[in-house]
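Please look at the sequence and the structure before reading the points below.

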Amino acid sequence: MSRPWERERHIAEAAVHLAAKLTKRVLSAVTQVSKQDASPVTVADFAAQALITSVLRAAFPHDGAFVGEEDAEVLRRDTGLRERVYELFAAAQADEGGEGAQRQGASSVEEMLDLIDLGGRGTGGSRGRFWVMDPVDGTAAFLRGEQYAVSLALVEDGREVVGVVAYPNLKLDDAGRIRESSVDARGLGIMLSATKGQGASIISLPSPSSPLVPRPLAQLDAPARLADAHI
């Protein structure tokens with residue numbers, strides 16, 4: 001008998017894995033666009049958001065609520081940028097990674113833009129079920145080739161029930177510490193995933209073709225005081 005949200009967690013891991021591969025593929029050649037609030041957004045942001053949404057839509061066709069960062073307005077105005085994003089998205093659609101996850105095909109640029117708009121124009125709330133994503137969390141660091149994350153969560157009735165986050169550049173040093181300058185140039189770093197009431201797992205991805213093999217993380221006792229927490 002399957003556990004609650006088991007399939008959702010598996011599909012979320014697959015979607016984030018594919019998006020992590022896409023972002024690493026374009027890391028050395030991203031195009032930066034300025035939004036009105038001056039925060040950076042990249043080609044990788046757009047393509048990864050479309051890719052994650054396509055995987056989720058294929059697996060859960062009745063899920064219609066997605067919350068992302070970008071809508072496709074800037075792509076509709078910029079032909080060159082739009083074509084580059086679609087080229088990346090189409091290549092990722094054909095990728096064999098993602099543990100066999102299906103994608104909702106986008107046979108045209110307009111269909112890809114519609115996938116992006118699902119997240120960019122979506123809203124959350126305290127009731128119902130929706131997916132929340134941040135395809136490139138830490139865009140400035142991403143552009144510098146440092147640490148960033150690909151994040152995805154499932155929320156039901158205001159509570160997060162599944163969470164997956166990949167750190168494609170993350171490489172621990174010999175002492176197990178994390179440094180901005182310690183970058184996993186060849187692999188996809190690590191992925192963390194968790195399901196409500198079922199604990200968390202870590203997945204090491206030493207190469208882009210590494211299988212998704214979760215390793216359960218030990219549960220730590222909560223400290224009596226915040227001052228007693230050692231981070």
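A residue is called buried when its relative accessible area is under 20%, exposed when it is over 50%, and partly exposed in between. The model shown here is predicted. With these cut-offs, Asp 137 counts as partly exposed, because its relative accessible area is 37%.

**The annotated binding site**

- The UniProt record, an unreviewed entry, places the feature "binding site" at Glu 69, Asp 134 and Asp 137.
- These residues span 69 residues in sequence, yet no two of their C-alpha atoms are more than 9.9 Å apart, so they gather at one spot.

**Glu 69**

- Glu 69 is located in the loop between β3 (66-67) and α3 (73-77).
- Its relative accessibility is 41%, and Glu 69 is therefore partly exposed.
- Leaving out residues up to four places away in sequence, Glu 69 touches Asp 45, Gln 49, Met 133 and Asp 134; Asp 134 is also one of the positions in the UniProt feature.

**Asp 137**

- Asp 137 belongs to strand β4, which covers residues 129-137.
- Tyr 148, Ala 149 and Ser 151 are touched by Asp 137, when residues up to four places away in sequence are not counted.

**Thr 53**

- Helix α2 (residues 43-59) contains Thr 53.
- Thr 53 has a relative accessible area of 0%, so this residue is buried.
- Apart from neighbours within four places in sequence, Thr 53 is in contact with Phe 66, Leu 115, Leu 118 and Met 133.
- Met 133 is also among the residues that Glu 69 touches.

Note on methods. Residues numbered from 1 in each chain as written. Predicted model: local features only at pLDDT ≥ 70, side-chain atom pairs only at ≥ 80, totals over all residues. Heavy atoms only, no water. Helix = DSSP H or I, 4+ residues; strand = E, 2+ residues; numbered from the N terminus. Buried < 20%, exposed > 50% of the residue type's maximum accessible area, 1.4 Å probe, protein only. Contact = heavy atoms within 4.5 Å. UniProt positions renumbered as here; feature names shortened; annotations may be inferred.
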